[in-house]
Amino acid sequence: MKADLLKQDIGGVVVAIIMILLGVVALWDTLEMTDADSFVFPRAIALFMIGFCILFILLQMTAPSIGNNAEAGSRSRGSTPRRIGLVCSLLLAALLMPWLGFLLSGAVVFGIIMLLAMYDQWTPLRRLVFPLAGIAIVVGFYVMFAKLLQVPLPVVSFFE
């Protein structure tokens with residue numbers, strides 16, 4: 001029992017509980033919204049967040065070692081330059097989006113993040129499949145946000 005407790009991600013569970021509470025507050029806040037354009041997106045995100053947090057807590061209770069890797073107990077858990085690069089690329093996306101639109105800035109930043117995250121050697125198959133998967137993911141998010149959740153997204157404006 002004590003060994004299982006050591007494998008659990010207690011900090012992750014605490015954060016998951018906080019995120020569940022924030023999700024409930026977000027849902028509560030949308031109850032007075034009457035326009036579907038206003039409440040569809042925040043409700044969907046809050047429900048997904050609550051669901052994934054509950055799933056995480058259940059997994060930590062039933063199989064605490066799932067998700068732990070060899071680095072779990074060490075101080076150095078990854079590469080600081082990669083982490084800084086991730087934050088910088090997300091800031092770049094936010095800055096580029098008003099001019100390049102969601103699709104183009106998303107594709108550019110996905111490419112940067114893909115290069116930052118690649119630990120393995122680039123093979124010809126990866127050079128083909130990864131960019132195609134990236135384009136599919138960015139277009140999928142565009143369709144999900146713009147069409148399904150009806151979130152107005154920025155479009156290309158540098159031609160104006």
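Analyst: Helices (H or I, at least four residues) and strands (E, at least two) are DSSP runs, numbered from the N terminus. Helix H4 covers residues 80-117, and Val 109 lies in it. This is a predicted model, in which local features need pLDDT of at least 70, side-chain atom pairs count only at pLDDT 80 or more, and totals for chains, interfaces and linings use all residues. Residues are numbered from 1 along each chain as its sequence is written, and side-chain values use heavy atoms, with hydrogens and water left out.

User: Is Val 109 buried or exposed, and with which residues is Val 109 in contact?

Analyst: Buried means under 20% relative accessible area, exposed over 50%, and partly exposed in between (1.4 Å probe, protein chains only). Val 109 is buried, at 4%. Contact means heavy atoms within 4.5 Å; leaving aside neighbours within four places in sequence, Val 109 touches Ser 89 and Ala 93.

User: Which residues make up the largest nonpolar core?

Analyst: Such a core is a set of buried Ala, Val, Leu, Ile, Met, Phe, Trp, Tyr and Cys residues joined through side-chain atoms within 4.5 Å. Here the largest has five residues: Val 13, Ala 16, Ile 20, Cys 53 and Ile 57. Helix H2 (10-30) and helix H3 (36-62) each give two or more residues to this core, and H2 gives the most, with three.

User: How many salt bridges does the structure hold?

Analyst: A salt bridge is a side-chain nitrogen of Lys or Arg within 4 Å of a carboxyl oxygen of Asp or Glu. The structure holds one, joining the side chains of Asp 120 and Arg 126 at 3.8 Å, N to O. Asp 120 is partly exposed, at 47%, and Arg 126 is partly exposed, at 25%.
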